[in-house]
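Student: I'm new to this one and would like a close look at a single part. Could you take the sheet and what packs around it?

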Amino acid sequence: MSTSEAGVVYTELSAAQQGIWNAQQLDPDNPIYSVAQYLEITGDLDTRLFEDALRQVFNRIEPFHVRFSGSGSSLRQYVALSADWPLHAFDFTGESAPVAAAEAWMKADMARPIRLDGEVLFRHALIRVAADRYFWYQRAHHIAADGFSGAICTARVAALYTALATGAPTPEPVTVPLATWVDTDAEYRASESFTEDRAYWSEALANRADVPSLSGRRPPTSTPYSLARHAETVDAETSAQLRAAARRLRTTVSGLTIAGAVLSFHRLTGAEDVVIGVPVLGRARRQLNVPGMAANILPIRVAVSDDLSLQDLVRRVGASIKSALRHQRFRYEDILRDLKLIGRGNLFSLVVSAMPFDYDLSLGECSVRLKPLAGGHFNDFSLSLYDNSSDGLIGIASDVNPELYDADTNRAKVELFRNTLIAMASATPDTLVRQVDVLGERERELVLCTWNDTAREVPGVSLPGLFEAQVVRTPDAVAVGDARESVSYAELNARANRLAHVLVGAGVGPEDLVAVCLPRSVDLVVSLLAVGKAGAAYLPLDPDYPAERLAATVADSGPVALITSGVAGGAGLAAEGVVRRIVLDDPDMAGLLSRQSVSDPVRVGHVPSHPAYVIYTSGSTGRPKGVVVTQAGLVNYVVRCVEAYPEVAGLSVLHASVSFDAGVTGLYGALVCGGEVVVAALDEGLPGVLGGRRPSFMKVTPSALAVLDSLGGGVSPSGRLMVGGEAVQSVAVAEWRRRHAGVAVVDHYGPTEVTVGCTDFVLPADVGGSEVVPIGRPMWNTRAYVLDGGLRPVPVGVAGELYFAGVQLARGYLGRPGLTAERFVACPFGSSGERMYRTGDLARWRADGTLDYLGRTDDQVKVRGFRIELGEIEAALLGRPGVAQAVVVVREDVPGDQRLTAYVVAAEGVAVEVSQVRAGVGAVLPEYMVPSAIVLLEALPLTVNGKLDRRALPAPDRTAELEASYRAPRTPDEQLLCEAFAEILGLDRVGIDDNFFDLGGHSLLATRLVSRIRSTLKVELPLRAIFENPTVGGLSSHVTRPKRTRPALRPRSRQEEI
């Protein structure tokens, strides 16, 4: 539709223009909404004649001369033809690096937005870089022209220049009216073809899968200000091979390119339902040679599998493209709108451009070569192939979002794509997709060998042997202490020896398992060492775990003995089949121990391959599994710790649960090099146990950093902080380091199956931003492999599953040969019979040989540092009366606050009380595995394929529940407590009867609550008070009789020796 006012014709924008307008209005300063290229002109160019030809052509193309009026529904455009536009001319021949200077100018120009408020929508520059060499720079706002327009206009200028230079008849002037575009677009959108195209795309994209990214991360919904480009040229021989391969596969070079991209995407992401974006002309037949904005991007969907032949893959790609081209005028923006994806993401993360633009032209006697520049406005990865018929060479270029890909990763992706095309060129049509090698030899050597060159000599002794050697070196040094006592190395060794002799006397030896159920104490350390000295392996049991879980662990593992105390409450486990029970605080046992030798036991037949300990981790079937760690793996890890973390020779804190292997680093690392270990919980009692001394080394989960700070600066380590157990965000570490300058920070990664830790990364001083910190490089005698679904190494920068091989691999899972065979698989890169462990973690290599952790491939998660199989929680839920279906997810409704959320469906005709379900689950699972919210649903949401639709699971809504049960505070103290509860839990208000843990609280938040109450009410509460009285009403009695808060800790001189 057009209108005329005062002789000016106003028209609506075409759909293509409207899409660009809307995008630019969202971010007016973003310069990315333009297309650009330059042409290298070699020869004796007549610059005056060139400008004449350029102006004659561009002065007649109305879409380049539009202006805009109004906004919203009143937005219109009109043509303001003018010959008064600049041709920028530069002579950089006097520069030391003329080409670099020219490229810098072009890059700077592309960083400036072309504004839509009256500015000329196109720019040209002629840059001289040598006596007979020029760069013709072209740039236009995307609202005026697309990439194909550049080819059309360049050909017209070249033809006119050549005619003027040679005296030949000049081509007939061509005027391009704006109405050509607007009217044609309006006709199409009112036609049956538009309706048919809409129906086609709705059907073609039904039941599509989620869109993975080559970056392994979720692309931002916003558009970057620029794209980073990397370009390469394929040599003439290989280019000829690619053309021959296209003919052999009965396709074009463009078809081969797109098929290669589909294959690469499938191999690198594992996606079998592949959707990529392919730019097309988007023009009606009568517009094929008309410059303007019409280009479109089509989602090309292809089903791919490893067993598909290359010929079949090419056929599928060709059929999909052919079908899509029949509907290419339906705008991509309309597809997104119909699918309700506007502002929520794209249908693809990879764009592949292989349109065969004809740049085989010349300017008179001057040769011309195309040099594309980064252009377009995509937010992930764009790949372009240029088949230059003039010199026979094929060019490959990528334009990527720099927020997702650094320069090295970008380069690696282009190299990978090139390798894929070359591999396809040398393959036969019957070659299967899985047989195409996308990895180059240099990169294969890098990821398999160079970065895994970790061989080191390690003593062939057991952990007790290392400890005993240290006892000889420092017998009188303090070894370990708790809130009650401190003991020297000599005394610790003597106590451990006495207990070891009792075990040996009971027939305990290599391959036996001894359960240890004790609270954090010196006795705990004595017992762990004693079991090793007897040649056996220990099974740590946390006395705070539910009795039912402890009993199940003992029944599953079958220990020959149990070491416990009356305080620990482990006596009740004796009925679970344990042959011998050793109660340390029993008077008879104390007498027996006193009569034992203090000499080191002789471990007859004890070898490094014998087990050192068994730790139970969460199981996906609902049944926890025991990981059997060997002495060889433990010694390798500990000896390396002493060298890598010298701060363990000072003061360390063993605060982790004994059932969690996080404490191994600080405990054994210290005890084999003369360090001191304080055994205490990470709570308000720790400063008192430390007695004013500051640890030199401490290991915590990232989630516990806030807890650490809440305990005061005297508790944080002075030498090294180790963070691990979950992904580490650099922003959190940077903030902690800002408050603790001079403390080294190391990110430590490793599943229990690879003995505590197998990679680490020392954070640089300038760490910051919002990125996840790398997990580093493999440790001594350990190799890391990032593999695809076919156990093939993936290229640098590509996500794959992380595997480990080497001496630190556990034996497997106790009594679970099937599960062991599933997770500990044959290593195709090692010696005969060697195994590797499948972690289930997604990772990728960085260009510097460090690893990034990207998440999980299965339902195992880490919350607050605890490794959790969601299936185990689901099994516990399904074990509750009346629960028919259950699913558990990790939600992060508040950034940085991950919480387990369960969704349950009751059996037909059964009324289920959420509180009873929670109580039942809490009786069999540790606190950290109990969901913070349980949502009762009538049915689980499903996708059209019948699968669980996790995106449709509702966020927990506690508002109605809280409102119904709300009781207001009755006293000023209760008012302050309610406010503290609400603040910590992120709620608007909390009543006096609302349960802290039912509202999403957990142990870390409870620690923060204690700190908040201390600062607000000036009351000192033990952490257990929150667990025993989780409501304001129950807790209020503890604040009506306040004790004085402890004073701030200050260093004081000690007058006497300890």
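In which sense do strand E13 (residues 362-363) and E14 pair, and over how many bridges?

Tutor: E13 and E14 pair in the antiparallel sense, over two bridges. Before we go on, this is a predicted model, where local features need pLDDT of at least 70 and side-chain atom pairs count only at pLDDT 80 or more, while totals for chains, interfaces and linings use all residues. Residues are numbered from 1 along each chain as its sequence is written, and side-chain values use heavy atoms, with hydrogens and water left out.

A word on names: helices (H or I, at least four residues) and strands (E, at least two) are DSSP runs, numbered from the N terminus. Two strands pair if DSSP finds at least two bridges between them.

Back to your pair. Leu363 stands opposite Cys366 in E14. The two strands form a hairpin with two residues between them, and there Gly364 takes a positive phi near 65°.

Now follow E14 to its other partner. Strand E3 (residues 34-42) pairs with E14 (residues 366-372), again in the antiparallel sense, over six bridges. One spot to look for is Gln37, whose bridge partner in E14 is Pro372.

Zoom out and you get an open sheet of six strands, in the order E6-E7-E8-E3-E14-E13, with mixed pairing. E13 is one of the edge strands and strand E6 (87-91) is the other, each pairing on one side only. Elsewhere in that order, strand E7 (residues 122-130) pairs with strand E8 (residues 133-141) in the antiparallel sense, this time over eight bridges. There, Ala130 stands opposite Arg133 in E8.

What lies across the sheet? Helix H2 lies across E6, E7, E8 and E13, and it runs at about 165° to E7. For angles like that one, axes are lines fitted to C-alpha atoms, for helices over the stretch in contact, and the angle runs from 0 to 180 degrees between N-to-C directions.

H2 has a helix partner too. Two packed helices are described by the angle between their axes and the distance between the axes. H2 (residues 47-58) packs with helix H4 (residues 147-166) at an angle of about 135°, with the axes 9 Å apart. That angle makes H2 oblique to H4. Here's the scale: under 35 degrees counts as roughly parallel, over 145 as roughly antiparallel, 65 to 115 as roughly perpendicular, and the rest as oblique. The crossing of H2 and H4 is right-handed: the near helix is turned clockwise from the far one by less than a right angle.

Which residues meet there? Contact means heavy atoms within 4.5 Å. From H2, you have Leu49, Phe50, Asp52, Ala53, Leu54, Gln56, Val57 and Phe58, and they meet Cys153, Arg156, Val157, Leu160, Tyr161, Leu164 and Ala165 in H4. Sorted by kind, the residues of this contact are twelve nonpolar, one polar and two charged. In that sorting, Ala, Val, Leu, Ile, Met, Phe, Trp, Tyr, Cys and Pro count as nonpolar, Asp, Glu, Lys and Arg as charged, and the others, Gly among them, as polar.
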